[in-house]
Amino acid sequence: MSIASTQSTTGDKSKEMIKNGSTLAPNLSFVDGFTRRHIGPSDADVEVMLRTIGFDSLDQLSDATVPGDIRLGRELDIPEARGEREFLAALKTIAGKNKVHRSCIGMGYTDTVTPPVILRNVLENPGWYTQYTPYQAEIAQGRLEALLNFQTMIADLTGLPLAGASLLDEATAAAEAMTMCYSIASHKKNGFWASDDCHPQTLALLETRAAGLGIDLKIAPIDEIDFEHGQGGLCGLLVQYPTTDGRIEDYRDIAEKAKQCGCMTVAAADILGLTMLTPPGQWGADICVGSVQRFGVPMGLGGPHAAYISTHEQHARKLPGRIIGVSKDVHGKRALRMAIQTREQHIRRDKATSNICTAQALLAIISSFYGIYHGPEGLTNIARRTQAYTGALIKGLARLGHQTLGAGPIFDTIRIRLGKGRSHAARQVADAARERLINLREYDDGTLGVTLDETADRALIADLLAAFNFGHYTGFDIDELVNEAAADGTLDLGSLTRTGSFMTHQVFHNYRSETQLLRYIFKLMSRDLSLANSMIPLGSCTMKLNGTSEMIPVTWPEFANMHPFAPDTQWRGYTYMFRELEQWLCEVTGFAAVSLQPNAGSQGEYAGLLVIRAYHEQMARKEGRENIRDVCLIPTSAHGTNPASAVMAGMKVVAIKCDERGDVDMADLRAKAEQHADRLSALMITYPSTHGVFEPTIREVCDVIHRHGGQVYMDGANMNAQVGLTSPAVCGADVCHLNLHKTFCIPHGGGGPGMGPIGVAPQLVPFLPGHPVERPDTAGEFAIGPVSAAPYGSPSILTISYVYIALMGAAGLKKATQVAILNANYMAKRLAEHYDILYTDMGGYVAHEFIVDCRSFEKTADIKTDDIAKRLMDYGFHAPTMSWPVAGTLMIEPTESESKDELDRFCDALIAIRKEIEAIAVGEMDRQDNPLRNAPHTMGEIGSDQWSHPYSREQAAWPAEWLRDAKFWPSVGRIDNTYGDRNLICSCGPMSDFE
């Protein structure tokens, strides 16, 4: 039985008083439900808002907005809502089924210590985790600085000058690097060589990615490399540094030969090891990738963790993911922003460098603070201590008669062959280790692997030696073993020893006391607007409440400290949660199965399209023909990730027009489906549409695709308008990804983490993703390769969505959807007197978001959407989504979590701005020197002795009365984006460099 159904509760309202004779006894069921905490408007406010838009009930509103032929017509089969305290207690019991061992498995994941000042004040702080991706840079200077620190740290450690602001995981980063090599070679060389001593999950993900892009991937020993492999030769090669089994190889000659052959060298490098080892950039690597998980981010059964990528500056426009750069504001002050965004998916679409949208900003920020907390000396000390314990282990194993494989230098990982006559006893040793709550890596050939980390101590080494002594303690003096290793050169890295300083910028030296670091963390946080300040009404982004009770389990040790490749008998609590969450998501979507592996919405899109491609390939094999279904139809209004993902999956994108109402042009759809009938693979569609409307033809759209042999992929970005009212399956879709960081409350973290699990119809179940190390239960008979490094993506944050669904229950989830639609329609009604609402349905209603048309203002008042966005900062708000999906517009999504008072406050701000625009248009304000063109106004500007504007300081900074009570101040004025791209600086440097 589900833990969410073991005790029935009422959720939001107490049941009626129970009659006990002539006395009314109090109802003992739980009263203070979570739903009324999650949903912003009170019941009284809901009634007022419904009357404002002409309805008597939420159900009546739903019937008016959701087309009749796709209404669910039943309640969700999800248990009744639980109370917060009782459910967390039950979940703690489930978490207890996870048995946390000391992990020596390695393979890119290690134990780490998150400094408490960072754990409490960043990872567990809504001021950090409820921020959005820093598109509005003037109110995001804090996280931009933290990410710039991250880039500086990565550039210094890898020896390559340009680093990105994070990728999803190490394996994905390696696949992105391979794609980057292919792009730099202008697709004229399609060969790529991956050394077979890379981590197995990395190699498997490379295979997945290469197949869709037409890259000829060869996995083999690096010393057998053939630079002529593939059409036109190799575009790149990948090596692991150190290798997956711990060897530290000198790749200088390989890198030099590659350069001579026009081949890029990619190094997947251990970030802690780089404090001691020669940086890849110094020995000839062109690109470096890896994970920063061991820099203070818990393992979490595989995630979330930030990956890194760095390269040379000439490859800046080929680099995937976000890059933070230095620019200046209108006052000449140093200011940060996301640089060269024109290469990203939301602008370049099918020609983008990558489909990445959500990355791992929050985890990168944690790792950057970890680097600041320890500084270069502290990081090096951790590395040397880890290496010293590794050396001690080698010496102890030698005394026991066991052989450490590899003759070169060592860092933290070794591979052991048991002594003569004992080679068959690897399982016995592994069992002896598990009895001591230690996990080892077990190779197929009977050898064993051990990886140490910053948590290693004398007791761990003693326990490991006892395990390799078949359960008997050795009595060896650990300090003596360390001294022996140091004395005989075991710890000598030889010519690969790092020389010279790194992380020299003052930020890595100024905050060594907790008081200093705490104040720095809060200084940066105070520069960023988050949900802790005000609503963030970004259309298609669903910035709803991330409830505190949902967040609490993330850092529980039972969930946080689990290695992704630990024996599954040790994570039964996770298994329980996975199965129940999959069941609930199947119920919400109407699909037959769900894969939890994709660790971002973009990866969910990619996985869903790969599943469709695999399905068509299998059908072609059954019918004895070649699969030629490679055309993907995509409406012009689609998210930029859609065409980028389709290209990654090996499909050809064909655009479908939208009609004057913003809906899919049915005539164009039918014509294109007929034209490409023999090659039609899929249609990608968002529902409700990105124009904010429930299109009445969605069933017909799906039928057209199915009649022509294609499958329908539904982008789940707008699932917040479907839950409990309709479902992708009812609409006719075959696969859908769910943005758990939108609809199901995982926070955005300033640009990640996210999760993008996919649900599929029965015919697609056999193709759900597998994994080479730990096969997920959902992996089908014809499973595609992995799309994420870990089997279940980022499991530790799945607890957030799990708790959310359990606390809301079926009724609460449905009400949340209805109130999200109510809030949008209420705002649209209020704003319609002042702005044109671009798209509505035939009844004049919108779904959960709507588009405000601002295109005429440029002609009448020289005002653009950017001016409105910056002026909203003066009112204490983040702007809506700008100029997407229609240029010159604002798309507003209030979510269900915002109260009526907050909705009114935002509407009042937009109405006041509209009046300012009108004043400009009629000549009452100057067309150039006005509050919109000069926004945002900083405290420094308002407090300056100089004020030359024709409007008052009060109108500039306090245009609304509520700002007298609390005001968020942008820390910089309007930023010069063009200057930042033309003078690209992407790491910390002295002010003299900037000048």
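**View 1. Tyr 792 and Phe 578 form a stacked aromatic pair.** In this predicted model, Tyr 792 is buried, with a relative accessible area of 5%. Phe 578 is likewise buried, and its relative accessible area is 0%. A search of the whole structure finds 28 aromatic pairs. In the pair shown here, the ring centres of Phe 578 and Tyr 792 lie 4.3 Å apart and the planes meet at 20°, so the pair counts as stacked. Phe 578 belongs to helix H20 (residues 572-589), whereas Tyr 792 is in the loop between strand E23 (758-760) and H26; the pair therefore ties together parts that are 214 residues apart in sequence.

**View 2. An aromatic cluster surrounds the stacked pair, and charged ends sit over rings.** Phe 578 and Tyr 792 belong to one aromatic cluster together with Trp 556, Phe 559, Trp 571 and Tyr 574. Over the ring of Trp 556 sits the charged end of Lys 92, 4.3 Å from the ring centre. In another arrangement of this kind, the charged end of Arg 209 sits over the ring of Tyr 606, at 5.3 Å from its centre.

**View 3. The largest nonpolar core contains 253 residues.** Its members that touch the most other members are Trp 128, Leu 237, Phe 369, Leu 633, Leu 669, Phe 850 and Ile 868. Helix H26 (residues 798-831) supplies the largest share of this core, 20 residues. A second, separate core comprises 35 residues, among them Ile 416, Ala 425, Val 450 and Leu 481. In soluble globular proteins, nonpolar side chains tend to be buried together.

**View 4. Helix H28 (residues 865-874) is mostly covered.** Nine of the ten residues of H28 are buried. The buried residues include Ile 868 and Leu 872, and also the charged residues Asp 867, Lys 870, Arg 871 and Asp 874. Among the elements that cover them are helix H27 (857-861), strand E26 (881-882), strand E27 (889-892), H29 and helix H31 (953-957). Beyond its neighbours within four places in sequence, Ile 868 is in contact with Cys 854, Phe 857, Ile 863, Leu 890, Leu 910, Ile 913, Ile 917 and Leu 932. Gly 876, which follows H28, has a positive phi near 85°.

**View 5. Arg 914 is a buried residue of helix H29 (residues 900-921).** The relative accessibility of Arg 914 is 18%; because buried means under 20%, Arg 914 counts as buried. Not counting residues up to four places away in sequence, Arg 914 touches His 834, Tyr 835 and Phe 857. Phe 857 is also one of the contacts of Ile 868.

**View 6. Seven strands form an open sheet with mixed pairing.** The strand order is E4-E10-E9-E8-E7-E5-E6. Strand E4 (162-163) and strand E6 (216-220) stand at the edges; each has a single partner strand, so one side of each is left without a neighbour in the sheet. Within the sheet, strand E9 (residues 287-291) and strand E10 (residues 307-311) run antiparallel and are joined by five bridges. Val 289 has Ile 309 of E10 as its bridge partner. Helix H8 (residues 170-184) packs on the sheet, where it touches strand E5 (191-195), E6, strand E7 (234-241), strand E8 (264-269), E9 and E10. The direction of H8 makes about 165° with that of E9.

Methods: Residues numbered from 1 in each chain as written. Predicted model: local features only at pLDDT ≥ 70, side-chain atom pairs only at ≥ 80, totals over all residues. Heavy atoms only, no water. Core = buried A, V, L, I, M, F, W, Y, C linked by side-chain atoms within 4.5 Å. Buried < 20%, exposed > 50% of the residue type's maximum accessible area, 1.4 Å probe, protein only. Helix = DSSP H or I, 4+ residues; strand = E, 2+ residues; numbered from the N terminus. Contact = heavy atoms within 4.5 Å. Phe/Tyr/Trp six-rings, centres within 6.5 Å; stacked < 30°, edge-to-face > 60°. Lys NZ or Arg CZ within 6 Å of the ring centre and 35° of its normal. Pairing = 2+ DSSP bridges. Axes fitted to C-alpha atoms, helices over the stretch in contact; angles between N-to-C directions.
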